[in-house]
Amino acid sequence: MSEFAENSTLKLSPLTVTEPEVYEDPLELMDEIDRLKVEKDATILAHYYVDGEIQDVADFNGDSLKLARDATQVSTSTIVFCGVHFMAESAKILNPEKTVLLPDLLAGCSLAESCPAEKLAAYQADLRAKGHDFETVSYINTSAAVKSLSDWIVTSGNAREIIDRVPTDKEILFVPDQHLGRYLSEVTGREMILWPGSCMVHEIFSIQDMRRVKKNNPGSQVIAHPECPKSILDESDFIGGTEKMRRHVMEVTEPTTFLVATESAMIHPLEKAAPQHKFLPVPGVMESTGETCACNRCPHMARNTLQKLRDCLKTGQPEIAWQPYFEKAQEVLTRSLLQ
Ligand code: SF4
């Protein structure tokens, strides 16, 4: 029997779709959520990749790093995390005494799923047996079980600073995102053993389509998330996680067209932060047919809806349950993100 609980790494099909819901007026739902928040003593945290209307009813919006830090500042007894499973797990790990709810327990992450804890443990043992002396640096997009096997946790916002903390006489095993790992290896000059994982959303951006949109919008700038493949990063004007992207566009005063190579819901906070600019999504391409698609929306993030948010506030379910390996993950997360 594995020491890691069944729900530690969700096994989901990347094409898992959100069930249709009976239509309810979004404005009424938002009012109901505001009322329930007070009644249930709850705080809502929402990632930049969930629908804009959910971001609008949230108390905190941000990327993984900002939200993990925000979660430790919450004074209510309940946190509702509108994002994906590993994010809600991190909020629970950093706030063991609080009730942490996730509107849809099936909101997983293809990147986290690409690195199951059992496989990582076996790979680490194999590397050690072959004489490698390394520390494991994990991107935050991993299950708590993987975090418990790691020495450090990074986000796209703090990766450079954390990698500088790994002693130079140690090798680095970086999991699970190969594109982010390759990019970080370039910017830090540290060689890394890379786990072959990737995000289904960032993997699909088409370099040809990006060039076409750029040509049709003279003077435009490409802003890309470091989870994108090297071909996209090489032709981008700015590379950074979502929070860094937001700060970057706010600093540009001249009205500019930005082509955004990340999850397309990110355009909502960018427009709010810097309304002087125009933001266009970089199109994705379907591997099976080669056709341009709207697959730059994360199907896991899209599982969060206003209705599910309202329902979980009402019922107090689904809740993230504490697991024995959360304790080790807590030590690593605290050292990496809060100190
Ligand atoms: S966008 Fe990619 S990395 Fe982010 S939650 Fe979705 S599948 Fe995971």
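Which residues are the closest to the ligand? The closest are Cys109, Leu111, Cys199, Val201 and Cys298, among 13 residues that surround the ligand. Here a residue is near a molecule if its C-beta atom, placed from the backbone, lies within 6 Å of it. The shell around the ligand divides into nine nonpolar residues, three polar and one charged. Ala, Val, Leu, Ile, Met, Phe, Trp, Tyr, Cys and Pro count as nonpolar; Asp, Glu, Lys and Arg count as charged; the others, Gly among them, count as polar.

The model is predicted: local features need pLDDT of at least 70, side-chain atom pairs count only at pLDDT 80 or more, and totals for chains, interfaces and linings use all residues. Residues are numbered from 1 along each chain as its sequence is written.

The protein chain is assigned domain 1 (6–107 + 301–322), domain 2 (112–194) and domain 3 (202–293). These bounds come from an automatic or database domain assignment. Eight residues of domain 3 are in contact with 12 residues of domain 1. Contact requires C-beta atoms, placed from the backbone, within 7 Å. On the domain 1 side, α2 (52–57), β2 (60–62) and α3 (64–71) each give two or more residues. Helices (H or I, at least four residues) and strands (E, at least two) are DSSP runs, numbered from the N terminus. By class, this side of domain 1 has five nonpolar, four polar and three charged residues.

The largest nonpolar core has 94 residues. Such a core is a set of buried Ala, Val, Leu, Ile, Met, Phe, Trp, Tyr and Cys residues joined through C-beta atoms within 7 Å. A residue is buried if 20 or more other C-beta atoms lie within 10 Å of its own, exposed if 12 or fewer, and partly exposed in between, with C-beta atoms placed from the backbone. Leu45, Val80, Phe81, Cys82, Ala91 and Ala261 have the most contacts inside the core. Helix α4 (residues 85–94) gives the most to it, with six residues. Beyond its neighbours within four places in sequence, Phe81 is in contact with Leu45, Met87, Ala88, Ala91, Val100 and Leu102.

An open sheet of four strands runs in the order β10-β9-β11-β12, with parallel pairing. Strands pair if DSSP finds at least two bridges between them. β10 (238–239) and β12 (278–281) stand at the edges with a single partner strand each, so one side of each is left without a neighbour in the sheet. Four bridges join β9 (residues 221–224) to β11 (residues 257–261). Val222 stands opposite Leu259 in β11.

Methods. Contact = placed C-beta atoms within 7 Å.
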